[in-house]
Amino acid sequence: MNKKNGKYLTTGEFAKLCKVNKQTLFYYDQIGLFSPVLKSEKGYRYYSIRQLELFFVIDLLKDLGMSLIEIQHYMQNKTPESFLSLMYQKKEEIVKKRQEIETKEKIIEAKIALMEEAANIDFHQITLEQLPDVTLYISRNIENITDEEFVEVFSDFINELNESHLDTGYPIGSITKREHVLKGEFTNYSYLYIEQPNPQEGHPYFRTVKGDFLIGYHIGDEKTIHKTYKLLFSEMEALNLTLGDYIFEEYIYDTVVKNHKEHFVTKIMIKVDKIEN
């Protein structure tokens with residue numbers, strides 16, 4: 001056998017073409033996964049250029065998450081049909097992973113946009129703004145439930161976000177009905193929600209109606225949120241406004257970016273109507 005005829009490559013040459021180290025080839029040979037076509041009496045190993053494609057497929061399958069044992073099993077039972085089936089399977093897995101990555105990218109983009117917006121907000125200012133229609137994915141009703149029941153509802157809500165790919169990167173907020181706020185029950189929430197820019201069919205949604213909202217920010221935990229509501233009610237009176245049907249709350253700064261509750265920031269959006277004289 002004359003290696004110099006161009007048909008065979010040394011271990012080093014083959015490893016260089018495959019962009020791996022020689023030890024990888026030695027190991028593959030040792031476990032019977034991928035061996036040189038020729039071995040000289042002196043122990044030199046030679047690979048055929050025809051083996052390149054096989055090595056690239058092994059490397060591809062490894063990159064796609066198959067273990068060496070799984071790859072060995074395929075190699076020992078390979079047929080055109082089994083190869084085609086394997087390629088279809090891996091294609092489906094790649095499509096699913098790409099969709100997951102794209103979803104994560106959108107979540108990150110939403111969080112970046114929200115955090116950059118928050119950096120330019122004066123949290124001590126109260127504003128009257130017209131907000132557009134928004135579709136919200138909502139939880140089961142959580143009015144007047146026990147702590148144990150709340151944990152169950154919250155867990156179900158989070159699980160559904162994950163399983164149905166409904167997590168959009170927007171903050172999880174809460175909806176409070178007018179009747180509870182008028183009683184001073186500011187934390188007797190009715191629903192949890194997350195904004196859905198591209199709602200899917202088959203899920204419980206709440207669609208907000210475009211309208212005027214009085215917006216303020218509470219700094220601190222929920223124990224002192226009544227103080228911020230008092231300021232908002234005073235502003236409503238000064239602007240000749242009346243309380244609408246729903247109030248929306250969502251964290252701007254929470255445990256993700258702040259270590260202490262006294263530094264948390266909650267955005268309060270109160271639907272308001274003008275009082276007709």
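Helix α6 (147-163) lies across strands β5 and β7, running at about 20° to β7. Here helices (H or I, at least four residues) and strands (E, at least two) are DSSP runs, numbered from the N terminus. Angles are taken between axes, which are lines fitted to C-alpha atoms, for helices over the stretch in contact; they run from 0 to 180 degrees between N-to-C directions. This is a predicted model, in which local features need pLDDT of at least 70 and side-chain atom pairs count only at pLDDT 80 or more, while totals for chains, interfaces and linings use all residues. Residues are numbered from 1 along each chain as its sequence is written, and side-chain values use heavy atoms, with hydrogens and water left out.

**The eight-stranded sheet**

- Eight strands form an open sheet in the order β4-β9-β11-β10-β6-β7-β5-β8, and the pairing is antiparallel. Two strands pair if DSSP finds at least two bridges between them.
- Strands β4 (127-131) and β8 stand at the edges with a single partner strand each, so one side of each has no neighbour in the sheet.
- On average, neighbouring strands of this sheet are turned by 35° against each other, direction ignored.
- Strand β10 (residues 241-253) and strand β11 (residues 265-274) run antiparallel and are joined by nine bridges. In this pair, Tyr251 stands opposite Thr266 in β11.

- How many residues of strand β5 (residues 134-138) are buried? Five of the five are, so β5 is largely enclosed by the rest of the structure. Buried means under 20% relative accessible area, exposed over 50%, and partly exposed in between (1.4 Å probe, protein chains only).
- In a regular strand the side chains alternate between the two faces of the sheet.
- Both faces of β5 are covered: Val134, Leu136 and Ile138 are buried on one side, and Thr135 and Tyr137 are buried on the other.
- β5 pairs with strand β8 (residues 205-208) in the antiparallel sense over four bridges. The bridge partner of Val134 in β8 is Thr208.
- β5 also runs antiparallel to strand β7 (residues 191-195), to which three bridges join it. The bridge partner of Leu136 in β7 is Glu195.

- Three strands form an open sheet in the order β1-β3-β2, with antiparallel pairing. Its edge strands, β1 (8-10) and β2 (38-39), each pair on one side only.
- Three bridges join β1 to strand β3 (residues 45-48), and Tyr8 has Ser48 as its bridge partner in β3.
- Helix α1 (residues 11-18) lies across β1 and β3, running at about 90° to β1.
- The axes of α1 and α2 come within 8 Å and cross at roughly 105°. The two helices are therefore roughly perpendicular to each other; angles under 35 degrees count as roughly parallel, over 145 as roughly antiparallel, 65 to 115 as roughly perpendicular and the rest as oblique.
- Thr11, Gly12, Phe14 and Ala15 in α1 meet Lys22, Leu25 and Phe26 in α2, where contact means heavy atoms within 4.5 Å.

**Nonpolar cores**

- A nonpolar core is a set of buried Ala, Val, Leu, Ile, Met, Phe, Trp, Tyr and Cys residues joined through side-chain atoms within 4.5 Å.
- The largest nonpolar core has 19 residues, of which Phe14, Leu25, Leu33, Phe34, Phe55, Ile58 and Ile71 touch the most other members.
- Helices α1, α2 (22-30), α3 (52-63) and α4 (68-76) each supply at least two residues of this core, and α3 gives the most, with five.
- Ile71 touches Leu33, Ile58, Leu61, Lys62 and Met66, not counting residues up to four places away in sequence.
- Another core, of 18 residues, lies apart from it; among its members are Ala118, Leu136, Ile175 and Val265.

**Residues in loops**

- Thr168 is found in the loop between α6 and β6 (173-177). Is Thr168 buried or exposed? At 17% relative accessibility, Thr168 counts as buried.
- Thr168 touches Lys106, Ile107, Ala110, Ile194, Glu195, Gln196 and Pro197, not counting residues up to four places away in sequence.
- Asn144, in the loop between β5 and α6, has a positive phi of about 55° although it is not a glycine. At 62% relative accessibility, Asn144 counts as exposed.
- Asn240, in the loop between α8 (225-238) and β10, has a positive phi of about 60° and is not a glycine either. Asn240 is partly exposed, with a relative accessible area of 32%.
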